[in-house]
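Please keep the structure in view while going through the numbered points.

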Amino acid sequence: MDADPDEDHPRAYNDGWEQIEAGIGNFGNSGQDGFTSYTCSGGYFVATQVSTFLNTYYTDAYDTNGREQVQAHEFGHALGLGHAGALCAGIPIMYFSSDRYFTCGIVTPQQDDVNGINAIYP
Ligand SMILES: [Zn+2]
């Protein structure tokens, strides 16, 4: 149930100050209200090329907390977390869908998410 590191891309290069881009756009009826794109090399994120996006096709209809929880989730991906959790007891921000908010009210990272980040960046 831990928000485990993404098994394919477990951590970013750590070679100084890096940049995670946060953008928005209308990406249409894709089934995803947010996504994270990145480049990998040798099984690691190339952290200078990590971008997160909110899909306004969905998020324009969300309230502020609804948009915030999508962005927090995508930042989790940008830092190397994969999906985890089950509705609703102990649900992390890294639960795969926005039911984390619309069903369970989760907006911010939870202890499980913190544990995952601490495992990646000890
Ligand atoms: Zn996700």
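1. Two residues are said to be in contact when their C-beta atoms, placed from the backbone, lie within 7 Å. By this criterion, and not counting residues up to four places away in sequence, Ile93 touches Gln69, Ala72, His73, Gly76, Arg100, Ile106, Thr108, Pro109, Gln110 and Asp113. The model in which these contacts are found is a predicted one.

2. The overall composition may be considered next. The protein contains 4 helices and 5 strands, and from the N terminus on the order of elements is β-β-β-β-β-α-α-α-α. Of its 122 residues, 34% count as buried. Among contacts with a separation of 6 or more, 63% are between residues 24 or more positions apart.

3. The sheet deserves a separate point. Strands of a sheet pair through backbone hydrogen bonds, either parallel or antiparallel. Here, 3 strands form an open sheet with mixed pairing, in the order E1-E5-E2. E1 and E2 are the edge strands, each pairing on one side only. On average, neighbouring strands of this sheet are turned by 20° against each other, direction ignored.

4. Which strand does E2 join through 4 bridges? The partner is strand E5 (residues 50–55), and the two run antiparallel. Within this pairing, Gly34 has Leu54 as its bridge partner, while Thr36 stands opposite Thr52. Gly34 and Thr36 form the covered face of strand E2 (residues 34–37), whereas Phe35 and Ser37 form the uncovered one.

5. The buried residues of H2 are Arg67, Gln69, Val70, Ala72, His73, Glu74, Gly76, His77 and Ala78. Their cover includes the strands E1 (20–25), E2 and E5, together with the helices H1 (56–59), H3 (99–102) and H4 (111–120). After H2 comes Gly80, with a positive phi near 110°.

6. Leu87 and Cys88 are joined by a cis peptide bond, with omega about -20°. Cys88 is found in the loop between H2 and H3.

Methods
Residues numbered from 1 in each chain as written. Predicted model: local features only at pLDDT ≥ 70, side-chain atom pairs only at ≥ 80, totals over all residues. Buried ≥ 20, exposed ≤ 12 C-beta atoms within 10 Å, placed from the backbone. Pairing = 2+ DSSP bridges. Axes fitted to C-alpha atoms, helices over the stretch in contact; angles between N-to-C directions.
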